[in-house]
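Please read each point with the structure open beside it.

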Amino acid sequence: MILSKIELSGLRKTFGAKTVLNGIDLQVKSGESVVVIGGSGSGKSVMLKCLLGLLSPDNGSIKVDGEEVIGLSPRKRDRINRKFGMLFQSAALFDSLPVWENIAFGLIQGQRMNYDQGRAVALERMAQVGLSADIAELPPAELSGGMRKRVGLARAIATAPEIILFDEPTTGLDPIMADIINNLIVKCVKELGATTLSITHDMTSARKIADRIAMLYNGKLIWTGPATSINCSGNPYVDQFVHGCADGPIAIR
Amino acid sequence: MLDFLSLIGHAFLNLLRRLGFLTIFILWSLSHCVRPPFYPRLLIHQMINIGYYSLPVVGLTALFSGMVLALQSHTGFARFSAEEAVATVVVISITRELGPVLAGLMVAGRIGASMAAELGTMRVTEQIDVFVTLSTNPAKYLLVPRILAGTLMMPFLVVISDIIGVLGGYLVGIHELDFNSATYINRTWEFLEPLDVVLGLVKAAVFGFIIASTGCYHGYHSRGGAQGVGAATTHAVVSASILILTSNYIITKLFFAG
């Protein structure tokens with residue numbers, strides 16, 4: 001039996017009267033790349049935040065490597081979070097630190113690596129994502145959107161995590177830069193052998209990086225299947241989303 | 001009438017709720033002050049930011065306060081021929097009250113606002129969430145250095161503020177009010193007691209703690225983009241100022257009770 005790397009069961013989260021997640025069930029196997037698609041405000045980011053422990057779900061279970069992570073003590077939670085790397089939607093780079101320190105932050109502060117070693121690893125990761133060492137000392141504010149995403153990706157993989165989460169990795173990028181980021185994600189994930197869970201509404205990105213795609217609608221995963229079958233899902237909601245049609249069963253409120 | 005009372009009750013409960021959250025936040029932050037890992041580089045950075053870079057604004061405030069105090073007390077005391085008390089009034093007022101309170105309010109505007117804005121921006125741009133994925137505790141990295149630096153550097157600022165404030169009074173005293181320099185200095189020392197200075201320094205440490213804690217609290221819990229960051233900054237300065245004035249009375253009462 002193959003143990004799921006990540007397993008969400010009956011995950012439920014409400015904010016006041018609004019139910020954002022209404023019983024999510026999802027398994028991600030080791031080494032697999034799963035992409036969750038869904039419209040804006042459908043709860044994709046909430047799902048990732050619950051997985052990372054940034055939000056507490058109201059009900060349900062989250063298992064990482066078979067271990068229940070809901071209700072863990074901060075110390076145990078920290079041990080679990082060491083398995084994760086994450087590329088945030090806006091890259092979320094630390095403004096006060098130069099590029100290389102952003103990338104090496106988890107190594108220097110989280111794993112107590114010394115600054116010289118941290119810098120060496122950061123430069124290595126920068127090369128891996130196609131960034132020149134010239135920008136290592138620049139503050140993030142001086143980088144373009146595409147470069148910021150690459151720095152974010154370098155930071156996400158710097159600690160060689162077992163699981164990498166991608167939150168809208170191509171949002172706000174032009175199609176060429178989006179493709180470059182998608183290629184880098186595929187390459188880096190393959191090199192690390194990591195398990196990935198991504199959320200996006202960019203179908204080109206989803207097709208490129210996913211082994212399996214799941215669609216989130218009204219707080220539930222309404223369809224899950226291989227990335228190759230997304231165009232013939234047989235699900236009218238998925239069809240409408242994939243083809244970007246205004247008319248269909250998905251009501252835009 | 002019932003609506004009005006309900007409104008007051010609601011506001012009071014809301015105030016208690018916020019005070020409760022602030023207290024829990026402060027205790028949570030303090031618990032991280034005594035548990036490793038520690039970040040001495042960040043502490044030194046914050047100490048320089050709070051202590052060194054606040055010197056101009058605190059110094060100018062103290063200088064003009066001392067000068068105005070000398071002028072005002074001279075005008076008032078001249079009515080009952082007690083002009084010679086000017087130097088004593090200046091030094092005691094500055095060391096006990098004006099030095100720590102004015103420095104506290106100025107630093108609340110400069111540092112409390114800056115902490116709330118910086119942490120608030122980090123919160124709304126998900127930078128604080130990033131810490132979780134990088135195995136770093138945001139409380140230890142962001143809050144502890146700021147709170148410790150605020151508490152340690154305010155007494156330093158108040159000592160400087162006291163010296164400059166007294167100097168301001170002295171300059172006005174000898175140049176504007178025609179006091180003899182030696183007499184003015186003698187009067188300054190004559191009635192100054194160690195307790196006056198100690199009281200000022202105790203207040204300074206408490207005010208520094210309040211400024212840093214409220215700045216961190218409002219910034220750390222900021223929500224809702226630019227508007228939320230703006231609101232956090234305003235709340236940080238307003239609540240720090242109110243808490244400084246309230247705690248000033250409580251500390252003075254404790255020191256001089258009976």
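1. Helix α1 of chain A, residues 44-52, lies across strands β1 (4-15), β2 and β4 of chain A, and runs at about 115° to β1(A). Helices here are DSSP runs of H or I with at least four residues and strands are runs of E with at least two, both numbered from the N terminus. Contact means heavy atoms within 4.5 Å, and the angles, from 0 to 180 degrees, are taken between the N-to-C directions of lines fitted to C-alpha atoms, for helices over the stretch in contact.

2. Please keep in mind that this is a predicted model, in which local features need pLDDT of at least 70 and side-chain atom pairs count only at pLDDT 80 or more, while totals for chains, interfaces and linings use all residues. Residues are numbered from 1 along each chain as its sequence is written, chains are lettered from A and ligands numbered from 1 in the order in which they are written, and side-chain values use heavy atoms, with hydrogens and water left out.

3. The strands β2-β1-β4-β5 of chain A, in that order, form an open sheet of 4 strands with antiparallel pairing, where two strands count as paired if DSSP finds at least two bridges between them. Strands β2 (18-29) and β5 (67-68) of chain A stand at the edges with a single partner strand each, so one side of each has no neighbour in the sheet. Strand β4 of chain A, residues 59-64, pairs with β5(A) in the antiparallel sense over 2 bridges, and K63(A) has E68(A) in β5(A) as its bridge partner.

4. A second open sheet in chain A has 6 strands in the order β6-β7-β8-β3-β9-β10, with mixed pairing. Its edge strands are β6 and β10 (220-226) of chain A, each of which pairs on one side only, and neighbouring strands are turned by 15° against each other on average, direction ignored. Strand β3 (residues 33-37) and strand β8 (residues 195-200) of chain A pair in the parallel sense over 5 bridges, and V35(A) has S198(A) as its bridge partner in β8(A). Helix α8 of chain A, residues 236-243, lies across β3, β9 (212-217) and β10 of chain A, at about 100° to β9(A).

5. Over all chains the count comes to 16 salt bridges, a salt bridge being a side-chain nitrogen of Lys or Arg within 4 Å of a carboxyl oxygen of Asp or Glu. In one of them K83(A) meets D65(A), with the closest N and O atoms 2.7 Å apart. This pair links distant parts of the chain, 18 residues apart, since K83(A) is in the loop between α2 (74-81) and β6 (84-87) of chain A and D65(A) is in the loop between β4 and β5 of chain A. K83(A) is buried, with a relative accessible area of 16%, whereas D65(A), at 27%, is partly exposed; buried means under 20% relative accessible area, exposed over 50%, and partly exposed in between (1.4 Å probe, protein chains only).

6. Another salt bridge joins the side chains of E67(A) and R79(A) at 3.0 Å, N to O, and links strand β5 of chain A, which holds E67(A), to helix α2 of chain A, which holds R79(A), the two residues being 12 apart. E67(A) is partly exposed at 25% relative accessibility, and R79(A) is partly exposed at 40%.

7. The side chains of R119(A) and E137(A) also meet in a salt bridge, at 2.5 Å, N to O. R119(A) is in helix α4 (residues 115-128) of chain A and E137(A) is in the loop between α4 and α5 (145-158) of chain A, 18 residues apart. R119(A) is partly exposed, with a relative accessible area of 27%. Elsewhere, salt bridges that share partners join K5(A), D65(A), K83(A) and E162(A) into one network.

8. In chain B, where does M154(B) lie, and is M154(B) buried or exposed? M154(B) lies in helix α6 (residues 138-175) of chain B and is buried, with a relative accessible area of 0%. Leaving aside neighbours within four places in sequence, M154(B) is in contact with several residues, including P100(B), A103(B), G104(B) and F207(B). M154(B) and G104(B) are 50 residues apart in sequence and 7.7 Å apart in space, C-alpha to C-alpha.
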